[in-house]
Amino acid sequence: VRNVPNKYSQRQLLKVWRDLGFGSMIDLYYLPVDFRRRSNLGYCFVNFISEEAADQFSAKVSGMTLPLFKSKKVLQCTRARVQGFAGNFRNLRQSSKLSSRAAPEYQPMIFDPDTGATIPFPADGVLPSNAPRPVESLSARLYRCVAPYTDPATAERIAAQATAAEGMAKEHGAEEAVVALVERVEKDAAAAQALVTQATWAWYGAAAMTYSEWW
């Protein structure tokens with residue numbers, strides 16, 4: 001969310017999201033802060049339990065102005081570069097901008113998926129048992145496998161093929177085919193390198209050849 005008035009605290013902004021009815025749909029939330037000025041940087045990250053919830057939030061919040069501090073800033077929602085709970089948790093945990101010595105009110109917030117209760121962001125990077133489970137998407141898993149063997153743009157393109165193939169596979173009840181192919185690449189470095197060599201290789205085509213009885 002961009003154009004957040006700089007005087008808003010993380011909890012003040014969270015109250016806005018909850019008052020709008022999105023409290024139970026958020027599993028991770030972070031409002032970056034300038035520690036010296038004690039003001040936010042004008043944007044925040046909000047991760048949702050589903051894509052539908054994210055779309056509802058964007059439709060509701062984009063174009064809003066917030067009531068406190070008489071700000072005229074108009075909120076704008078855009079998709080972040082990093083998607084999903086797992087990716088955002090890992091990204092924030094490794095961020096050089098996030099100090100483990102920062103006060104709790106400046107730390108990212110994660111929420112119990114069953115009760116909505118706030119879970120302290122773990123300083124050791126280990127999620128407690130009641131935190132949302134970080135499930136990686138197929139494209140994220142594939143990107144992680146091929147990234148060491150190519151440039152970021154090619155890795156992104158290869159990973160995007162897994163997303164496209166997953167959608168096509170669901171239409172034919174063949175999700176297991178694409179999952180099996182990703183698992184093979186995760187276990188076999190040679191297979192990952194082969195994907196880089198054949199960057200235009202179609203995932204759905206390989207799935208069809210390997211699991212033709214499902215298509």
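A search of the whole structure turns up seven aromatic pairs, where rings of Phe, Tyr and Trp (its six-membered ring) pair if their centres lie within 6.5 Å. This is a predicted model, so local features need pLDDT of at least 70 and side-chain atom pairs count only at pLDDT 80 or more, while totals for chains, interfaces and linings use all residues. Residues are numbered from 1 along each chain as its sequence is written, and side-chain values use heavy atoms, with hydrogens and water left out.

**Aromatic pairs**

- Tyrosine 43 and phenylalanine 45 make an edge-to-face pair, with 5.7 Å centre to centre and 85° between the planes; planes under 30 degrees apart count as stacked, over 60 as edge-to-face and the rest as tilted.

**Salt bridges**

- The whole structure has three salt bridges, meaning a side-chain nitrogen of Lys or Arg within 4 Å of a carboxyl oxygen of Asp or Glu.
- Aspartate 19 pairs with lysine 15, and their closest N and O atoms are 2.8 Å apart.
- These two are about one helical turn apart, because they lie four residues apart in helix 1 (helices are DSSP runs of H or I, at least four residues, and strands are runs of E, at least two, numbered from the N terminus).
- Aspartate 19 itself is exposed, at 54% relative accessibility.
- Glutamate 51 bridges to arginine 79, with the closest N and O atoms 3.2 Å apart.
- That pair links distant parts of the chain, 28 residues apart: glutamate 51 is in helix 2 (residues 51-61), and arginine 79 is in the loop between helix 2 and helix 3 (85-94).
- Arginine 79 also meets aspartate 55 in a salt bridge, at 3.6 Å from N to O.
- Here too the link is between distant parts of the chain, with aspartate 55 in helix 2 and arginine 79 in the loop, 24 residues apart.
- Arginine 79 is exposed, with a relative accessible area of 56%, whereas aspartate 55 is partly exposed at 42%.
- Shared partners join Glu51, Asp55 and Arg79 into one salt-bridge network.

**Around asparagine 47**

- Asparagine 47 lies in strand 4 (residues 45-48) and is buried, with a relative accessible area of 9%.
- Its side chain makes a polar contact of 2.9 Å with the side chain of aspartate 27; the term covers a pair of N or O atoms within 3.5 Å where, within protein, one must be able to donate a hydrogen and the other to accept it, and residues adjacent in sequence count only if both atoms are side-chain atoms.
- Leaving out residues up to four places away in sequence, asparagine 47 touches Met25, Ile26, Asp27, Leu28, Gly84, Phe85 and Asn88 (contact means heavy atoms within 4.5 Å).

**Confidence**

- Mean pLDDT for the chain is 76, and 70% of its residues reach 70 or more; pLDDT is the predictor's confidence in each residue, from 0 to 100.
- Confidence is highest in helix 1 (residues 10-19), at a mean of 92, and lowest in helix 8 (residues 203-210), at 45.
- Over residues 199-215 pLDDT stays under 50, and the model has 37 contacts beyond four places in sequence for them.

Definitions and conventions: Buried < 20%, exposed > 50% of the residue type's maximum accessible area, 1.4 Å probe, protein only.
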